[in-house]
Amino acid sequence: MSGFDPLAQAGNKAKGKRPWFFEDREAERVINIVMALAQEVSVMRMRLDTVERLLEEKGTLTRADIEAFAPDKSQAAERGAWNQEFIARILRIVQQENEGVEAAGEMSSEDAGKALGLS
C-alpha cells in the first residue's frame, strides 16, 4: 500500500482566500457537498459504463481490464453527453431561477393581455 492518506488529503485546500458565490454561506456549503457527490456519481457512472462495455465485448473482465479501458471517440462523446445532461438535471433549479431573473424585465404574454384589457 502506498503512503496515500485519503483523510489527510481530504483536508487539502487551494492557496488563497476561498471565494463565496452565495450570500447564504449555509446554502453555499450544501451546494458544494451536492456537487462533490455529483462528481462521485459521475465517476461511478463512467466506471459502470466501462464494466458494461467490457462485459458485452468479452463476457468476463478483470480489475486490470477496467483500469486499462480507454473509450473510443464515439464512446467518449456518449459519456460526455450523459455527463452534461446529468449536470443540467442537478442544476436545473439554478438555471430556471437565472432564466426567471433574466425574463423579469420582459412582459409575459399573459401580462401583456391583461395590460391591453384582453383578459
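What covers the buried residues of H2? The cover includes H3 and helix H4 (73-90). Buried means under 20% relative accessible area, exposed means over 50%, and partly exposed lies in between, with a 1.4 Å probe and protein chains only. This is a predicted model, in which local features need pLDDT of at least 70 and side-chain atom pairs count only at pLDDT 80 or more, while totals for chains, interfaces and linings use all residues. Residues are numbered from 1 along each chain as its sequence is written, and side-chain values use heavy atoms, with hydrogens and water left out.

Start with the whole chain. It has six helices and zero strands. Helices (H or I, at least four residues) and strands (E, at least two) are DSSP runs, numbered from the N terminus. Read in order, the pattern is α-α-α-α-α-α. The chain has 119 residues, and 13% of them count as buried. Accessible areas come from the Shrake-Rupley method with a 1.4 Å probe; for residues, only the protein chains shown count as cover. Now take the contacts, meaning heavy atoms within 4.5 Å. Among those with a separation of 6 or more, 36% join residues 24 or more positions apart.

Next, follow helix H2 (residues 25-58). Its 34 residues should span 50 Å at 1.5 Å a residue. The expected span is 1.5 Å times one less than the number of residues. The end C-alpha atoms of H2 are 49 Å apart, which agrees. At the start of H2, a side-chain oxygen of aspartate 24 comes to within 2.9 Å of the backbone nitrogen of glutamate 26. Just after H2, glycine 59 has a positive phi of about 85 degrees. The buried residues of H2 are Glu28, Ala38, Ser42, Met46, Asp49, Thr50, Arg53 and Leu54.

Phe21, Phe22 and Ile31 form a nonpolar patch with about 310 Å² of accessible area together. Patches are made of residues with over 30% relative accessible area and no salt bridge; like charges are joined within 9 Å, and nonpolar side chains (Val, Leu, Ile, Met, Phe, Trp, Tyr) within 5 Å. Phenylalanine 21 sits in the loop between helix H1 (6-10) and H2. Phenylalanine 21 is exposed, at 66% relative accessible area.

Now turn to charge. The whole structure holds seven salt bridges. A salt bridge is a side-chain nitrogen of Lys or Arg within 4 Å of a carboxyl oxygen of Asp or Glu. One of them pairs arginine 29 with glutamate 26, with the closest N and O atoms 2.8 Å apart. These two residues are three apart in H2, so about one helical turn separates them. Arginine 29 is partly exposed, at 40% relative accessibility.

Aspartate 49 and arginine 45 make another salt bridge, at 4.0 Å from N to O. Both lie in H2, four residues apart, about one turn of the helix. Aspartate 49 is buried at 7% relative accessibility, while arginine 45 is partly exposed at 28%. A network of salt bridges links Arg45, Asp49, Arg53, Glu78 and Arg79.

A further salt bridge joins glutamate 67 and arginine 47, with the closest N and O atoms 2.8 Å apart. Glutamate 67 lies in helix H3 (residues 63-68) and arginine 47 in H2, so the pair ties together parts that are 20 residues apart in sequence. Glutamate 67 is exposed at 53%, and arginine 47 is partly exposed at 36%.

Where does arginine 79 lie? Its place is in helix H4. Arginine 79 is buried, with 13% relative accessible area. The side chain of arginine 79 reaches the backbone oxygen of methionine 46 at 3.0 Å. A polar contact of 2.5 Å also joins the side chains of arginine 79 and threonine 50. A polar contact is a pair of N or O atoms within 3.5 Å; within protein, one must be able to donate a hydrogen and the other to accept it, and residues adjacent in sequence count only if both atoms are side-chain atoms. Leaving aside neighbours within four places in sequence, arginine 79 is in contact with Met46, Asp49, Thr50, Phe69 and Pro71.

Threonine 50 gives the view from H2. Threonine 50 is buried, at 6% relative accessibility. Beyond neighbours within four places in sequence, threonine 50 is in contact with Ile66, Phe69 and Arg79.
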